Amino acid sequence: MTTTTPDLWSISRTSQYLGIPVGTLYQWRHRRIGPPARKVGRHLRYDPADVYAWFRGQAA
């Protein structure tokens, strides 16, 4: 059985997409206000679909 999973984004790629510094993503994660991330080993990874959904849910 073959499953396809989307490529996960690094914190650098996510910050680039959102146009914010990496440090801001770390602060948001600490405050639990940013897009959901998962730990993979020592690294944070973001599912692009979660980032898109989080971004659409933000008030302008």
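Q: What share of the 60 residues of the protein counts as buried?
A: That share is 28%. Keep in mind as you look around that this is a predicted model.

Q: What makes up the secondary structure, and which pattern does the protein follow along the sequence?
A: You will find 3 helices and 2 strands. Read along the sequence, they follow α-α-β-β-α.

Q: Why are α1 and α2 called roughly perpendicular to each other?
A: The axes of helix α1 (residues 11–18) and helix α2 (residues 22–31) cross at roughly 100° and come within 9 Å. Angles of 65 to 115 degrees count as roughly perpendicular, and therefore this pair gets that label. On the α1 side, the contact is made by Ile-11, Ser-12, Thr-14, Ser-15 and Leu-18, and on the α2 side by Val-22, Leu-25, Tyr-26 and Trp-28.

Q: How do you know what kinds of residues make the contact of α1 with α2?
A: Sort them by class: 6 are nonpolar, 3 are polar and none is charged.

Q: Why does Thr-14 count as buried?
A: Thr-14 lies in helix α1. The cut-off for buried is under 20% relative accessible area, and Thr-14 is at 0%, so Thr-14 counts as buried. Leaving aside neighbours within four places in sequence, Thr-14 is in contact with Trp-9, Leu-25, Tyr-46 and Val-51.

Q: Why is Ser-10 called partly exposed?
A: Partly exposed covers the range between the 20% limit for buried and the 50% limit for exposed. Ser-10 has 25% relative accessibility, so Ser-10 falls in that range. You can find Ser-10 in the segment before α1. Beyond its neighbours within four places in sequence, Ser-10 is in contact with Leu-44, Arg-45 and Tyr-46.

Q: What makes a group of residues a nonpolar core, and which residues form the largest one here?
A: Members must be buried residues of the listed nonpolar types, joined through side-chain atoms within 4.5 Å. The largest nonpolar core has 10 residues: Trp-9, Ile-11, Leu-18, Ile-20, Leu-25, Ala-37, Leu-44, Tyr-46, Val-51 and Trp-54. Helices α1 and α3 (48–56) are the elements that give two or more residues to this core. In soluble globular proteins, nonpolar side chains tend to be buried together.

Q: Which residues is Tyr-46 in contact with, leaving aside its neighbours within four places in sequence?
A: Among them are Leu-8, Trp-9, Ser-10, Ile-11, Thr-14, Pro-35, Pro-36 and Ala-37.

Methods. Residues numbered from 1 in each chain as written. Predicted model: local features only at pLDDT ≥ 70, side-chain atom pairs only at ≥ 80, totals over all residues. Heavy atoms only, no water. Helix = DSSP H or I, 4+ residues; strand = E, 2+ residues; numbered from the N terminus. Buried < 20%, exposed > 50% of the residue type's maximum accessible area, 1.4 Å probe, protein only. Axes fitted to C-alpha atoms, helices over the stretch in contact; angles between N-to-C directions. Parallel < 35°, antiparallel > 145°, perpendicular 65-115°, else oblique. Contact = heavy atoms within 4.5 Å. Nonpolar A, V, L, I, M, F, W, Y, C, P; charged D, E, K, R; others polar.
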